[in-house]
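Biologist: Take me through this model. I want each label set against its cut-off.

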Amino acid sequence: MPSITQSAAPCHIPADAAKEVLLGVDTHKDVHAAVVITMLGAALDGQSFPATAQGCRQLVAWARSFGVVRRASVECTGSYGAALARRRHGKTDAEAAARAVLSARATATAKTSDGPVEMLRLFKLAKGPAIKSRTQAINQLKSVLVCADSALREALASLTNPHLIKRCAALEVLDATGPATAARHTLRLPARRIQHLTEEIDDLNQRIAEAVKASTPGLLDVRGVGPDSAAALLIAAGDNPERLTSEASFAALCGTSPVEASSGKTQRRRLNRGGNRGGNRQANAALYRIVLSRLRWDDRTRNYLQRRLAEGKTRREIIRCPKRYIAREVYRLIATPSPAASRARAAAAT
């Protein structure tokens, strides 16, 4: 796919001039639109390149033909721009992105996806649809059972879900025709599908737990943190958590950074969920699940809840504080990758 020129009369800079330029890239599914500007903000040229490995190489070579590319701003580094960001790190519509670098507004480092955390993201991506499909199959099985003949329905009515699925999967289809035979066959199909999906989910659960241990070994030892919650928090941070300069930045990433919400005589704060800066929803939900777990099993958290309730705080307001504390606790574990995680990331990159 040839590149598409976006502006006329490109102003190429001689290679021996070694002039510094800035690159901005607006990434899309099929093409990446790129713009190169000078350090003074003058636009040099703009082109589009196919969103392929070859296209990324062409884009980088094209940008370097104007001078030395010291800095680049790439949009959507966690999705369409992920492959390009591995070549040129940076973060934030092409020319606007380049000017964001020039004005020092684009300062964030791109989240990499070349280690155990990327494995976690892929496993979670597979697990979600599998759980949804299994739930649909269970609902289908039970809806068929409601309409089955009375003898079959009564034989299966008192069974728990695991035994019900096992019995339905083992049903023999009779040679006779009619609704009763059709019901047996229709019960057997979703039951076997459920068994297959359960095996798939169990395998993914094991792989998620192993990937969490490889990335941050001590994370699963934190009270209330299970493999799914740990995976959501690690995916939010990425394979390079050192890009997060402080625990406050991680809290903001998780949507647990407080903002002032006082009015008149009411003094209060709320979590920052404004627009696209409201944080990672999956990570925020993971923190909420951890808080609920601690409220059930941890005496310190329950005592904290009772004390703040006595002060006149609402339960919703109170839960925001432990979420912030847990974000701080988790950050301390993931900020510095373990040697095993560093080795796994290096192996995945090769």
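Predicted model: local features only at pLDDT ≥ 70, side-chain atom pairs only at ≥ 80, totals over all residues.

Modeller: Residues are numbered from 1 along each chain as its sequence is written, and side-chain values use heavy atoms, with hydrogens and water left out.

Biologist: Which residues of α11 are buried?

Modeller: Thr301, Tyr304, Leu305 and Arg308. They cover an arc of only 100 degrees around the axis, which puts them on the same side of α11. The arc is that of the directions from the helix axis to the C-beta atoms. On the other side, Asn303, Gln306 and Ala310 are exposed.

Biologist: Why is tyrosine 304 called buried?

Modeller: Its relative accessible area is 14%. Buried means under 20%, exposed over 50%, partly exposed in between (1.4 Å probe, protein chains only). So tyrosine 304 counts as buried. Tyrosine 325, at 43%, is therefore partly exposed.

Biologist: What makes the rings of tyrosine 304 and tyrosine 325 a pair, and why is the pair edge-to-face?

Modeller: Their centres lie 6.3 Å apart and their planes at 75 degrees. Rings of Phe, Tyr and Trp (its six-membered ring) pair if their centres lie within 6.5 Å; planes under 30 degrees apart count as stacked, over 60 as edge-to-face and the rest as tilted. So this pair is edge-to-face.

Biologist: Why is the pair of phenylalanine 250 and tyrosine 331 called tilted?

Modeller: The planes are 35 degrees apart, with 6.1 Å centre to centre. Both residues are buried.

Terms used
Helix = DSSP H or I, 4+ residues; strand = E, 2+ residues; numbered from the N terminus.
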